[in-house]
Number of protein chains: 2
Amino acid sequence: MTQALGFGMSLNETHDAALRSWVQSANEPDTDFPIQNLPLAAFRPRGEGAFRIGAAIGDQIVDLAHPTVAALLEPRIAQACRGAELNELMALGPDAWARLRMSLSRALTVGNAEQDRLRSALIAQDAVQFGLPARIGDFSDFYTSIHHATAVGRLLRPEQPLLPNYKWIPIAYHGRASSLRVSGAEVARPAGQIRLSAAEAPILAPSRRLDYEVELGVLIGVGNRAGQPIPIGQAWNHVFGVVLLNDWSARDIQAWEYQPLGPFLSKSFATTISPWVVSAEALLPFRGPWSRPADDPQPLPYLQDAQDQASGALDIVLEASIVTAAMRATGQPAALLSGSSCRHAYWTVAQMVAHHTVNGCNLVAGDLLGTGTQSGPAAVEAGSLIELTTGGREPLALPNGERRTFLEDGDEICLRGFGEREGFVRIGLGSATGRVVSAEMRT
Amino acid sequence: MTQALGFGMSLNETHDAALRSWVQSANEPDTDFPIQNLPLAAFRPRGEGAFRIGAAIGDQIVDLAHPTVAALLEPRIAQACRGAELNELMALGPDAWARLRMSLSRALTVGNAEQDRLRSALIAQDAVQFGLPARIGDFSDFYTSIHHATAVGRLLRPEQPLLPNYKWIPIAYHGRASSLRVSGAEVARPAGQIRLSAAEAPILAPSRRLDYEVELGVLIGVGNRAGQPIPIGQAWNHVFGVVLLNDWSARDIQAWEYQPLGPFLSKSFATTISPWVVSAEALLPFRGPWSRPADDPQPLPYLQDAQDQASGALDIVLEASIVTAAMRATGQPAALLSGSSCRHAYWTVAQMVAHHTVNGCNLVAGDLLGTGTQSGPAAVEAGSLIELTTGGREPLALPNGERRTFLEDGDEICLRGFGEREGFVRIGLGSATGRVVSAEMRT
């Protein structure tokens, strides 16, 4: 069964809302991982052996290196799925990714004849440890939310919140790859130079303004040769999938260090991503038309594409919630801090890819592109504390009476994300969590 | 024979100026690679097979994977030298690096009994192709020359050339690792957004203000665990060695894109490094005392160390020269553009390492730290064209009558570097060259 979407891409049987899996937990309405999702991750039984690749189905993982599963795949795909990370599969390209997805979908559908043998390839998600899904060579972080850029700019430059280049350039900077961590890793509060007032000398101290940033991370599958830009119309063929990304930020370190070369130590201590990579194909139903305010400049030709205008907006909702040490001690549930959708972004994923390579820069399989903090137009849709608390001046009240401007030791931030659309099954991104600890407490 | 240096570090027999090698070219006074140097690189016979590790001696390379050489080394060191890059050796630490250096020095000294058998492990440098010396996970670029920062700042902000944080923070930004290239690779002129005047819309065009930047690159040997900063007094134990680094820069793209997150596409199209990594040990004779102007703030405690004050200045001369297409056609020699010494840097290598990790950021074996453009106090010591031509307003005259503001297609930039000191043999860094080609001409 194939459905056509309005923007010239067609869905296939893997998107069919009527599909059910013989893995019962995948058919629950609130699961992140129905059979229409099938995201991939690197995992291993807790503490044991080498990482390997698996696909999520309900609360289970299908081990792609298991012989019963490998036997269902084309040999080159089975071979690529034998690695400890996704890079080899990424490099095979979108046709191979689609074939793998189709094979897994059929294998996991109710009534599949191999069902009994495939059951031995399942392992419960709560019995494993996740690794980074790929060897990430370079991490670039964009700044695609005009609402975030304006809100942060207003704190720094009330007279000119948005700089003149913002509406022309998908602004980005190089991030730090070595400190990327998968969900669950603790985040040690960084020390750094802080200047408490313009009249004082800076001091070295633990950050007092530790923040999170809610982002979508885009993992590149097929790279490009140096000197050969990726045209915007080809950009999605290079996108393997997406993860949740928390770009932890020390605002006090950032404010003092960022001129003139940009953020450095304020961001490089930790960046948390979710383990499951949701494929570009699984996200197709949540893409839609995108437009600019009529008064804004239209993008330069290398950033313009009819297909991208028809389908560049990604209606993926991203949410951040908090559990403080006090909430944990009293068994309280996580408190939602904010939620918004990536469809509010000023720049699309295709524009990010086209811009990144227009100078000839080569992307490599496994490279990570962050969207930057995704904040929506409403104040409650802001994806960071610096926005939600107006630079720390207006504390947030949590349900248990605690107040927060920035993060305290013991606070755990959890990002979640999902796509929902009438006629389709909800697709979840899983979660990316990290608990703030003092450097001394770090285990 | 052991000599003591004034700053509490002692030299060993490998530094002895009286040492001679049975490889005659290593004894020539103008060689970059006397037996007192012994830098390492990844190489392969031109176009053939896998890269392997070698040490330079005169105009030859000692193949460290050759059985005769491997038999001279401790097994764990011989094993680490069997890789295609230096990362495994880097991770072994400074004691292993020193032992390897000592073994090679003895093996190559006049009178060594194995000399005839070792001859079969030699290959001429002009018969090989070089690779990147290491898998470089992350590339961070500093801004340690106050003369460069002031000169460039004056062009952008005449009223405040040097920002208030400069004398407190060793400013740096994350660079792009995927576009690092070894000497000899062509550099395609990048296209990007350029705004010709504040009143006009930007255009997409090939850069018209393509520049080079003369830097030293510091390769990290032993990394640190996340959350565990490297104290400044330990920093040099983590430094494997240095290379020449040309951080090609498109000034027009940079000027339009760099606010507020720093340079991105203006730098990410190519960075050229020299193939030979000169060890921290070989550089010992060229280290010396370092001080700040009395009116300047003293560094914060985490950036202060008595040993570093006694020996943090690196008297390595860096030079840039040019050969234009017209010069090449008429057989003219390269024209020197500028030369300066790293000893003028405002921040030391140890301060770079200590600052980079003070927030807990983990460095990894093979990481590359650039010093930033090394410009000296005199105008002729500026390490980039934007400084030498005052922002392109005052063209340079070349010996053949050509003039340059920024680089033209066909221009080849060659960086060279060396240490010289009375009583010691001159140590060279080799060269890092790159020729600018238009995207169309690129081979």
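Me: How do S20 and S25 of chain B pair?
Reply: In this predicted model, strand S20 (residues 317-323) and S25 of chain B pair in the antiparallel sense over seven bridges, where strands are DSSP runs of E of at least two residues, numbered from the N terminus, and two strands pair if DSSP finds at least two bridges between them. Within that pairing, Glu319(B) stands opposite Arg416(B) in S25(B).

Me: And which residues get counted, and how are they numbered?
Reply: Residues are numbered from 1 along each chain as its sequence is written, and chains are lettered from A, with ligands numbered from 1, in the order in which they are written. Because the model is predicted, local features need pLDDT of at least 70 and side-chain atom pairs count only at pLDDT 80 or more, whereas totals for chains, interfaces and linings use all residues, and side-chain values use heavy atoms, with hydrogens and water left out.

Me: Back to S25(B): what joins S25(B) to S26?
Reply: Seven bridges join S25(B) to strand S26 (residues 427-437) of chain B, and these two strands run antiparallel. One bridge partner pair there is Gly419(B) with Ile427(B) in S26(B).

Me: Why is S25(B) largely enclosed?
Reply: Six of the eight residues of S25(B), which spans residues 412-419, are buried, so the strand is largely enclosed by the rest of the structure. Buried means under 20% relative accessible area, exposed means over 50%, and partly exposed lies in between, with a 1.4 Å probe and protein chains only.

Me: Switching to chain A, what is the order of the five-stranded open sheet?
Reply: The order is S4-S3-S2-S1-S5, with antiparallel pairing. Strands S4 (122-124) and S5 (128-131) of chain A stand at the edges with a single partner strand each, so one side of each is left without a neighbour in the sheet. Strand S3 (residues 60-63) of chain A pairs with S4(A) over three bridges in the antiparallel sense, and the bridge partner of Ile61(A) in S4(A) is Ile123(A).

Me: How are the two chains related?
Reply: A rotation of 180° with 0.0 Å of shift along its axis superposes chain A on chain B, with an RMSD of 0.0 Å, where the superposition is by least squares on the C-alpha atoms of residues with pLDDT of at least 70 in both copies. The two copies are thus related as by a two-fold rotation axis. Of the residues of chain A, Gly262(A) comes closest to the rotation axis, with its C-alpha at 2.1 Å.

Me: How much area do chain A and chain B bury between them?
Reply: They bury about 5300 Å², 61% of it on carbon and sulfur atoms, buried area being the accessible area (1.4 Å probe) that two parts lose on being put together, summed over both. In chain A, His174(A), Leu261(A) and Phe264(A) lose the most area to chain B, together 16% of what that side buries. The contact, meaning heavy atoms within 4.5 Å, takes 55 residues from chain A and 55 residues from chain B.

Me: And how many salt bridges are there between the chains?
Reply: The count between chain A and chain B is four, a salt bridge being a side-chain nitrogen of Lys or Arg within 4 Å of a carboxyl oxygen of Asp or Glu. One of them joins the side chains of Asp367(A) and Arg176(B), at 2.7 Å from N to O.

How values were computed. Helices (H or I, at least four residues) and strands (E, at least two) are DSSP runs, numbered from the N terminus.
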